[in-house]
Amino acid sequence: SGEGVRATYTYRLNETRAQAIEYLDEAHLHELMSVRPKDKNGVVQRFVPPLGTPNSTCMSIRVFWTPHLYQVEAMRNRHRYTTDLPPDKRCATFDGAQDDVSPCILNKVSEKKV
């Protein structure tokens with residue numbers, strides 16, 4: 001089932017600019033925090049599952065901003081969160097494969113000049 005993802009671990013691969021993202025269940029989170037070598041600069045972040053019905057899908061919003069510009073993007077996973085697919089297929093958004101995710105349109109609530 002879709003249960004079990006507790007955190008994500010995002011880090012750079014070697015000296016490249018490429019990123020890796022791991023979706024961690026309770027056991028793998030414990031292993032990362034207490035057993036694995038800390039040889040990568042990375043971020044561990046709590047995973048928040050989608051709210052709603054069992055048919056809910058994962059969605060993320062990404063914002064870029066400067067003093068003169070802001071850009072908001074949204075991406076939704078095409079698979080139900082509760083499917084038996086591996087976490088990188090059912091939880092990924094911006095890091096997902098093209099077949100697994102699709103861009104979303106956010107309703108324009110307000111506009112502010114920056």
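These legends describe close-up views of a predicted model.

**View 1. Strands E4 and E5 pair side by side.**
Strand E4 covers residues 59-65. Strand E5 covers residues 70-77. The two strands run antiparallel, and seven bridges join them. A hairpin of four residues leads from E4 to E5.

**View 2. Val101 is a buried residue of strand E6.**
Is Val101 buried or exposed? Its relative accessible area is 8%. Buried means under 20%, so Val101 counts as buried. Which residues does Val101 touch, leaving out those up to four places away in sequence? They are Met75, Arg76, Asn77, Arg78, Ala92, Thr93 and Gly96. Now compare sequence and space. Val101 and Cys58 are 43 residues apart in sequence. Their C-alpha atoms are 9.4 Å apart.

**View 3. Seven residues form a nonpolar patch on the surface.**
The patch consists of Met59, Ile61, Val63, Trp65, Tyr70, Val72 and Leu106. Together these residues have about 680 Å² of accessible area. Which strand gives the largest share of the patch? Strand E4 does, with four residues. E4 and E5 each supply at least two patch residues. Met59 is one of the patch residues, and its place is in strand E4. The relative accessible area of Met59 is 35%, so this residue is partly exposed.

Arg62 has a relative accessibility of 34%, so it counts as partly exposed. Glu73 has a relative accessibility of 23% and also counts as partly exposed. Side chains of opposite charge can pair when their charged atoms come close.

**View 4. Glu22 meets both Arg36 and Tyr11.**
Glu22 is found in strand E2, residues 19-24. Arg36 forms a salt bridge with Glu22, and the closest N and O atoms are 3.0 Å apart. Arg36 lies in the loop between helix H1 (26-34) and strand E3 (42-46), while Glu22 is in E2, so the pair ties together parts that are 14 residues apart in sequence. Arg36 is partly exposed, at 22% relative accessibility. What does the side chain of Glu22 do with the side chain of Tyr11? The two make a polar contact, at 2.8 Å. Setting aside neighbours within four places in sequence, the contacts of Glu22 are Ala7, Thr8, Tyr9, Tyr11 and Arg36.

**View 5. Lys89 and Asp100 form a salt bridge.**
The closest N and O atoms of Lys89 and Asp100 are 3.2 Å apart. The pair links distant parts of the chain, 11 residues apart. Lys89 is in helix H2, and Asp100 is in the loop between H2 and E6. Asp100 is buried, with a relative accessible area of 4%. How many salt bridges does the structure hold? It holds four.

**View 6. Thr83 is a buried loop residue.**
Thr83 lies in the loop between strand E5 and helix H2, residues 87-90. Its relative accessibility is 16%, so Thr83 counts as buried. What does the side chain of Thr83 reach? It reaches the backbone oxygen of Arg80, at 3.2 Å. Finish with a distance. Thr83 and Val35 are 48 residues apart in sequence and 30 Å apart in space, C-alpha to C-alpha.

Note on methods. Residues are numbered from 1 along each chain as its sequence is written. This is a predicted model: local features need pLDDT of at least 70, side-chain atom pairs count only at pLDDT 80 or more; totals for chains, interfaces and linings use all residues. Side-chain values use heavy atoms; hydrogens and water are left out. Buried means under 20% relative accessible area, exposed over 50%, partly exposed in between (1.4 Å probe, protein chains only). A polar contact is a pair of N or O atoms within 3.5 Å; within protein, one must be able to donate a hydrogen and the other to accept it, and residues adjacent in sequence count only if both atoms are side-chain atoms. Patches are made of residues with over 30% relative accessible area and no salt bridge: like charges are joined within 9 Å, nonpolar side chains (Val, Leu, Ile, Met, Phe, Trp, Tyr) within 5 Å. Accessible areas come from the Shrake-Rupley method with a 1.4 Å probe; for residues, only the protein chains shown count as cover. A salt bridge is a side-chain nitrogen of Lys or Arg within 4 Å of a carboxyl oxygen of Asp or Glu. Two strands pair if DSSP finds at least two bridges between them. Contact means heavy atoms within 4.5 Å.
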